[in-house]
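Here is a short briefing for someone opening this entry for the first time. Keep the view at hand while reading.

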Amino acid sequence: MSESAIRLPDAQPCAFCAYLKGSRPFTFVIRNTLTAVMVTQEQRGKPHLLVIPTRHRETILDLTDDECAALMVEVRNAATAIDAAYQRSGISVWQNNGEAASQSIRHVHFHVAGTLDSGGTEWGPVEELPLAKTELIAKQVQAHWPSS
């Protein structure tokens, strides 16, 4: 990482890199050379997806221009699929850099979530869904994924 005042969470083996390598199970909606879209087990919206670069990048400051462009296209595609599949009244997109901004995994990721029935997204503790349920969410989103 370049010189930055951003303080990152403690270094641990990267969970997202483990998912990408297949050494830990996780549900993917799509995956290509530069990006992957995953269904998080911690659903804070209806539904809640994560868009990540396939190369390990700790913060938004570390992304290449090509990664930035590819990530934003997939953020838009995720929002489009959520809108078509779930008909939510709103879609939230957020991204955190550093502990002070609530970043918990040292791999840059964008959250894309349809709003809850009451509005907004859930910021408190949420139930962790089993992979069988995240696979169902992925299928519903994939059915509405924009074609390139």
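Begin at the largest pocket: α1 (15–21) and β3 each supply at least two residues of its lining. The model is a predicted one.

**The largest pocket**

- The volume of the largest pocket is about 440 Å³. Its lining has 21 residues, and the closest to the centre are Thr40, Glu42, Arg44, Ser104 and His111.
- Which element gives the most to the lining of the largest pocket? It is α1, with three residues.

**His48 in strand β3**

- His48 sits in strand β3. Is His48 buried or exposed? His48 counts as buried, because its relative accessibility is 1%, and buried means under 20%.
- A polar atom of the His48 side chain lies 3.2 Å from the backbone oxygen of Glu42.
- His48 is also in contact with residues beyond its neighbours within four places in sequence. Among them are Met38, Val39, Thr40, Trp94 and Val112.
- Glu42 and His111 are contacts of His48 too. Both are also among the residues closest to the centre of the largest pocket.

**Helix α2**

- Helix α2 covers residues 65–86. It has 22 residues and reaches 31 Å from its first C-alpha to its last. That is close to the 32 Å expected at 1.5 Å a residue.
- The buried residues of α2 include Glu67, Leu71, Glu74, Val75, Asn77, Ile82 and Tyr86. Several alanines are on that list as well, including Ala70, Ala78 and Ala85.
- What covers the buried residues of α2? The cover includes the strands β1, β2, β3, β4 and β5, together with helix α3.
- Ala84 also lies in α2.
- The C-alpha atoms of Ala84 and Pro146 are separated by 9.9 Å. Along the chain, these two residues are 62 residues apart.

- Just after α2, Gln87 takes a positive phi of about 50 degrees. Gln87 is not a glycine.
- Gln87 is found in the loop between α2 and β4 (91–94). Gln87 counts as exposed, because its relative accessibility is 59%.
- Arg88 is found in the loop between α2 and β4. Is Arg88 buried or exposed? Arg88 is buried, with a relative accessible area of 18%.
- Which side chain makes a polar contact with the side chain of Arg88? It is that of Asp117, at 2.5 Å.
- Not counting residues up to four places away in sequence, Arg88 touches Lys46, Ile82, Asp83, Gly114, Thr115, Leu116 and Asp117. Of these, Ile82 is one of the buried residues of α2.

**Helix α3**

- Helix α3 spans residues 131–142 and has twelve residues. From its first C-alpha to its last it reaches 16 Å, close to the 16 Å expected at 1.5 Å a residue.
- The buried residues of α3 are Thr134, Ile137, Ala138 and Val141. They lie on the same side of α3, because they cover an arc of only 100 degrees around the axis.
- Which exposed residues does the face turned away from the buried side of α3 carry? They are Ala132, Leu136 and Lys139.
- What covers the buried residues of α3 includes β1 (27–31), β2, β3 and α2. Helix α3, in turn, is part of what covers the buried residues of α2.

**Two further loops**

- Lys46 and Pro47 are joined by a cis peptide bond, with omega about -15 degrees. Pro47 is placed in the loop between β2 (35–39) and β3 (48–53).
- Lys46 is also one of the residues that Arg88 touches.
- Ser102 is placed in the loop between β4 and β5 (110–114). Phi of Ser102 is near 75 degrees, a positive value in a residue other than glycine.
- Is Ser102 buried or exposed? Ser102 is exposed, with a relative accessible area of 54%.

Terms used:
Residues numbered from 1 in each chain as written. Predicted model: local features only at pLDDT ≥ 70, side-chain atom pairs only at ≥ 80, totals over all residues. Heavy atoms only, no water. Helix = DSSP H or I, 4+ residues; strand = E, 2+ residues; numbered from the N terminus. Buried < 20%, exposed > 50% of the residue type's maximum accessible area, 1.4 Å probe, protein only. Polar contact = N/O pair within 3.5 Å; in protein donor to acceptor, adjacent residues only side chain to side chain. Contact = heavy atoms within 4.5 Å. Expected span 1.5 Å × (residues − 1). Arc of directions from axis to C-beta. 1 Å grid on protein atoms, 1.4 Å probe; cavity = no way out; pocket = protein on both sides within 12 Å on 5 of 7 lines; lining within 4 Å. Points joined across faces, edges and corners; volume = space filled by probe spheres on them.
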